[in-house]
Amino acid sequence: MSMLLVTHAMRLAYEVSSRVIFMNQGCIGEEGNPREMFLKSQTERLAEFLKTSSFN
């Protein structure tokens, strides 16, 4: 079963997702496993966003 969830609640996305797509200005900025993405971001933009979100 698949479900699409659009949210700024990063903790929720981290806890319930098996795959996450981070959008930046309408384009895919990064995608993959939430554990890998959230703990070791490949892009500076995602790292900056996570610092200001409820995830950290």
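**Exercise 1. For this predicted model, state what share of the contacts between residues at least 6 apart in sequence join residues at least 24 apart, and then describe the overall build of the protein chain.**

Solution. Begin with the contacts: among those in the protein chain between residues at least 6 apart in sequence, 25% join residues at least 24 apart. Next, go through the secondary structure, where the protein chain has three helices and two strands, arranged along the sequence in the pattern α-β-β-α-α. Then turn to the dimensions: the C-alpha atoms fill a box of roughly 30 × 25 × 20 Å along the principal axes. Finally, compare the radius of gyration with the expectation for a compact globule of 56 residues, which would be near 10 Å; the protein chain has 10 Å, which agrees.

**Exercise 2. Work out which residues of α3 are buried, and why they line one face of the helix.**

Solution. First, pick out the buried residues of α3, which are Leu-46, Phe-49 and Leu-50. Viewed down the axis of α3, these buried residues fall within an arc of 100°, so they line one face of the helix. The general rule behind such a pattern is that an α-helix has 3.6 residues a turn, so residues three or four places apart point the same way. Next, look at what the buried residues of α3 pack against: their partners are α1, β1, β2 (27-32) and α2. Last, turn to the face of α3 directed away from its buried side, where the exposed residues Glu-44, Lys-51 and Thr-52 are found.

**Exercise 3. Locate Gln-25, describe its phi angle, and decide whether it is buried or exposed.**

Solution. Gln-25 sits in the loop between β1 and β2. Its phi is near 55°, a positive value in a residue other than glycine. For the last step, recall that exposed means over 50% relative accessible area; Gln-25 has a relative accessible area of 79%, and is therefore exposed.

Notes. Residues are numbered from 1 along each chain as its sequence is written. This is a predicted model: local features need pLDDT of at least 70, side-chain atom pairs count only at pLDDT 80 or more; totals for chains, interfaces and linings use all residues. Side-chain values use heavy atoms; hydrogens and water are left out. Buried means under 20% relative accessible area, exposed over 50%, partly exposed in between (1.4 Å probe, protein chains only). Helices (H or I, at least four residues) and strands (E, at least two) are DSSP runs, numbered from the N terminus. The arc is that of the directions from the helix axis to the C-beta atoms. Contact means heavy atoms within 4.5 Å. The radius of gyration is taken over C-alpha atoms; the globule rule is 2.2 Å times the number of residues to the power 0.38.
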